[in-house]
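This report covers aromatic contacts. How is a pair of aromatic rings described? By the distance of the centres and the angle of the planes.

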Amino acid sequence: MISEISINFAGEQLTLNQYRSIFWDKEKSLILSDLHLGKTAHFRKNGIALPNGVIEKDLENLQKLIEHYEPEKIIIVGDLFHAELNSEIEIFRKWFENFNTIRWLLVKGNHDRFSKKFGMEETDIYENENLIFSHESLDSIQKPQIGGHIHPGVSLMAQNRQKLKFPCFLVSENQIILPAFSQFTGLDTNFEKKQSSTFKKYIITAEKLIEW
């Protein structure tokens, strides 16, 4: 089972899930951000030892979502890729060939360079009647928007007084900030100090999604 919470945002029914994405039923679209494909291989190339299997787990989770929701379109709100072409990009290339009947739309982030090699649609901003999609927040635009970029998270105190960090969705009246889809990303737990809006949090644990 996939843990889900449905919300109404800007007149649209959206389903948030524990796999760090949103399903937009009316548009048959899966929405996610910040996969950073190739990041662990890039770090290893620069002498930083990291565990294997990160990209395989991220792609496994994405495949679960595709099989569960059967989307006609996948909207990636930036940073699908991380760095130069490397072995992990080739892993993605082979995986991607299994899903070429889906329409893939990349709203480009600050790291993206290679999407055209996969035949994806590319745009800096994607907009429809009710929503606008941009990797980074568009502070000058009042239209409700969905973005990513900051890898939002929360820090909570456990019973043993140990601090635990969890990724989360941030949802305000006019903005949704997506968690990073990849498990290999840092978390910004100080976002509230940087934002003028008040956000509701939807925390992602290993078992479920929790409204906070």
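## Terms and basis

Rings of Phe, Tyr and Trp (its six-membered ring) pair if their centres lie within 6.5 Å. Planes under 30 degrees apart count as stacked, those over 60 as edge-to-face, and the rest as tilted. By this rule, a search of the whole structure finds 12 aromatic pairs.

The model is predicted: local features need pLDDT of at least 70, side-chain atom pairs count only at pLDDT 80 or more, and totals for chains, interfaces and linings use all residues. Numbering runs from 1 along each chain as its sequence is written, and side-chain values use heavy atoms, with hydrogens and water left out.

## An edge-to-face pair

Phe81 and Phe92 pair edge-to-face, at 6.0 Å centre to centre and 80 degrees between the planes. Phe81 lies in the loop between β5 (73-76) and α3 (87-96), and Phe92 in helix α3, so the pair ties together parts that are 11 residues apart in sequence. Helices (H or I, at least four residues) and strands (E, at least two) are DSSP runs, numbered from the N terminus.

Phe81 is buried at 0% relative accessible area. Phe92 is buried too, at 0%. Buried means under 20% relative accessible area (1.4 Å probe, protein chains only).

## A tilted pair

Trp95 and Phe99 form a tilted pair: 4.6 Å centre to centre, 40 degrees between the planes. Trp95 is buried at 10%. Phe99 is buried at 11%.

## Cluster and charge

One aromatic cluster is formed by Phe81, Phe92, Trp95, Phe96, Phe99, Trp104 and Phe118. Over the ring of Phe118 sits the charged end of Arg93, 4.9 Å from the ring centre. The criterion is NZ of Lys or CZ of Arg within 6 Å of the ring centre and within 35 degrees of the ring normal.

Note on methods. Buried < 20%, exposed > 50% of the residue type's maximum accessible area, 1.4 Å probe, protein only.
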